[in-house]
Amino acid sequence: MPKNSKVVKRELDDEVIESVKDLLSNEDSADDAFKKSELIVDVQEEKDLEVEEGSEVEDERPAWNSKLQYILAQVGFSVGLGNVWRFPYLCQKNGGGAYLLPYFILLLVIGIPLFFLELSVGQRIRRGSIGVWNYISPKLGGIGFASCVVCYFVALYYNVIIGWTLFYFSQSFQQPLPWDQCPLVKNASHTLIEPECEKSSATTYYWYREALNISSSISESGGLNWKMTVCLLAAWVMVCLAMIKGIQSSGKIMYFSSLFPYVVLICFLIRALLLNGSIDGIRHMFTPKLEIMLEPTVWREAATQVFFALGLGFGGVIAFSSYNKRDNNCHFDAVLVSFINFFTSVLATLVVFAVLGFKANVVNEKCIAQNSEMIIKFLKMGNISQDIIPHHINLSRITAEDYHLVYDIIQKVKEEEFSVLHLNSCQIKDELNKAVQGTGLAFIAFTEAMTHFPASPFWSVMFFLMLINLGLGSMFGTIEGIITPIVDTFKVRKEILTVICCLLAFCIGLIFVQRSGNYFVTMFDDYSATLPLLIVVILENIAVSFVYGIDKFIEDLKDMLGFAPSRYYYYMWKYISPLMLLSLLIASIVNMGLSPPGYNAWIEEKASEEFLSYPMWGMVVCISLMVLAILPVPVVFIVRRCNLIDDSSGNLASVTYKRGRVLKEPVNLEGDDASLIHGKISSEMSSPNFGKNIYRKQSGSPTLDTAPNGRYGIGYLMADMPDMPESDL
């Protein structure tokens, strides 16, 4: 708390006593019911205690063991699988090194300000997302519920990806790796290479056929894949055990789950740089394509990546920061975690492109060898004259430079007949230009590259162990974004809620481990998070900047941090960030409308992917996911605006007294002028007017009153004590 908190508390308590005297002075002598009620205020010079209303024992909120543990938790949540298999793809697709500039600009405009906003409200109010937005504005309390719904949707399929990674991790302890070669099949006469594998590749075949055993469409269930079902169960057991004690258990695991990926990434980078062709991959990545940078799509995808990279809107950021001390410098935390996330993405991109550069060189060498054999055949058949081949070139041991020289010569000499020869140019950049992201990068491209590594099982184990840690770090934050708000709001036992949450998620998650499960993962990834999360974050920004008031929020931050945040944040929160978020929302809706809803299905006969549209029921599911995710916002608004439910549970914004002790810090007693940080001197606080802002419960009433205008403003919880004369007050 700020250093002057004790003085402020005395002033606040004195103000309450004065207000009570004012209240008593207005007492109607004929009001017997009023005389039977008492209010006792006892000055406390202790630290703030967050207490369940009506409880007999004060319940102090858990806290992080150290600042390092908290930073690692936030880093573990924000740095996830997207940094390894989404950011490198976007960097390659959208201009290479030129993509880093729009990403960095949007990190400063959208990322850091909104990340700072979520950290600060969570730290000050010390509640999960539901409690925070109920506090800011009860009518916008649905924002917190929407965050929980989106978190749960994401957790359902995100843990399936961890299950896939567990499967590959368990299969990596073999020499050679099981996806190194195509399997052989026997028929009546002789042994053949599996046709599906021969048409694609060993790693592609292993992913689609051995791991997923995928069906040909989303409508073809194919039953459960028992291997992936076991892996999904193991993934949920790991998450449940890590989260069952809250931050006391997950916080300690963060030391390993957050730091280990960096060890692996650095080891991979060093190893990859020693491989042939790695520099080609890095050069390809950082070669800027400035003309692409001016396209609107680049900025839209960069903004979306910034948005998801920091975990905005999920509630995990708010939940983790709610366990901080109120005087923690959350501005420093916001900047630090944001830049760690950015540099992690750059580091992961370096590793990915170094490995892909090595893989491209291996593929290119095979291409050159195959095409050289074709040229030798054409020379023997007389299709190509030996005279055009330079004498110093040995086609049986040809280098890449010599091959490209021969290729260019043949192309010029056989200009009209060249297409009939079916020769390939075998350019490394052609291989590197093949955009690969997501599961295709992790389970196909990267696994294929590792088969060419010396001691490939070791590197495979390290790689998938890194992915498991990245995934678990994000899962901890996602589950915390669900558990913490529910525990704070409904006062249930965290252990029981965690077990129920994980068990229910596993049961629902069985749809993702069918043979068609991969298509459902794509559906949830595309429709359950993007638009709902954008809407949630826009509403968060609006709630703080316009409903609560940006000037009051800045004053709150000044009181909490001990210094005034830069004026930069004022303009970002009030003008720039809302406009950017609304633009991103519109662009995302337009892009979704222009892109036909569908998925890439694996066709066994063709041994390749083919785009298929969702069936009608699939479209209904897609729309339902988006509607369900955002539905709590209008529902809660309507319920509280129209007072459809008598919410007598009180609110964080209320002054609650029990056993003569201030349980919750008082706020400005004028309904619309409530402040997050209660550092105002008593002269600045208005005295309550009887019958307007103060609602006094009669003796024996177990609940709190709420203001008739729907604001959960001021209420008194009366202690059940014997009657006392007014002089004792």
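Q: Cys197, buried or exposed?
A: Cys197 counts as buried, because its relative accessibility is 1%. Buried is under 20% relative accessible area, exposed is over 50%, and partly exposed is in between, using a 1.4 Å probe and protein chains only.

Q: What am I looking at, and how is it numbered?
A: This is a predicted model, in which local features need pLDDT of at least 70 and side-chain atom pairs count only at pLDDT 80 or more, while totals for chains, interfaces and linings use all residues. Residues are numbered from 1 along each chain as its sequence is written, and side-chain values use heavy atoms, with hydrogens and water left out.

Q: Back to Cys197. What is it bonded to?
A: Cys197 forms a disulfide with Cys182, with an S to S distance of 1.9 Å. A disulfide here is a pair of cysteine sulfur atoms within 2.5 Å.

Q: Where do the two ends sit?
A: Cys182 is in the loop between α8 (142–171) and β1 (184–186), and Cys197 is in helix α9 (residues 195–199). The two are 15 residues apart, and the pair links distant parts of the chain. Helices (H or I, at least four residues) and strands (E, at least two) are DSSP runs, numbered from the N terminus.

Q: And Cys182, buried or partly exposed?
A: Cys182 counts as partly exposed, because its relative accessibility is 23%.

Q: Which handedness does the bond of Cys182 and Cys197 have?
A: The torsion about the S-S bond of Cys182 and Cys197 is about -80 degrees, so this disulfide is left-handed.

Q: How many disulfides does the structure hold?
A: Two. Cys367 also pairs with Cys426, the sulfur atoms being 1.9 Å apart. The link of Cys367 and Cys426 is left-handed, with -75 degrees about the S-S bond.

Q: What does the link of Cys367 and Cys426 tie together?
A: Cys367 lies in helix α17 (residues 330–381) and Cys426 in the loop between α19 (418–421) and α20 (428–432), so the pair ties together parts that are 59 residues apart in sequence. Cys367 is buried at a relative accessible area of 14%, and Cys426 is buried at 3%.

Q: What is the pairing order?
A: With the bonded cysteines of the protein chain numbered in sequence order, the pairing is 1-2, 3-4.

Q: What about Cys330 and Cys642, buried or partly exposed?
A: Cys330 counts as buried at 0% relative accessibility. Cys642 counts as partly exposed at 48%.

Q: New topic. Where does UniProt put the feature "binding site"?
A: The UniProt record, an unreviewed entry, places it at Gly76, Val79, Asn83, Asn341, Leu470 and Ser474. UniProt positions are given in the numbering used here, feature names are shortened, and annotations may be inferred rather than shown by experiment.

Q: How do those positions sit in space?
A: They cluster, with a largest C-alpha distance of 12.5 Å, although they are spread over 399 residues of sequence.

Q: Which residues does Asn341 touch?
A: Leaving out residues up to four places away in sequence, Asn341 touches Ser78, Val79, Asn83, Tyr103, Ala309 and Leu310. Contact means heavy atoms within 4.5 Å. Asn341 is in helix α17 and counts as buried at 1% relative accessibility.

Q: And Leu470, what does it touch?
A: Its contacts, again not counting residues up to four places away in sequence, are Gly76, Val79, Gly80, Leu81, Val84, Tyr158 and Pro261. Leu470 lies in helix α22 (residues 456–490) and is buried, with a relative accessible area of 6%.

Q: Where is Ser372?
A: Ser372 is in helix α17. Its relative accessible area is 3%, so Ser372 is buried. Apart from neighbours within four places in sequence, Ser372 is in contact with Leu395, Ile398 and Tyr403.

Q: Which residues meet between α8 and α21?
A: Trp164, Thr165 and Tyr168 in α8 meet Thr439, Phe443 and Thr447 in α21.

Q: How many helices and strands are in the protein chain?
A: It has 28 helices and six strands. Of its 729 residues, 57% count as buried.
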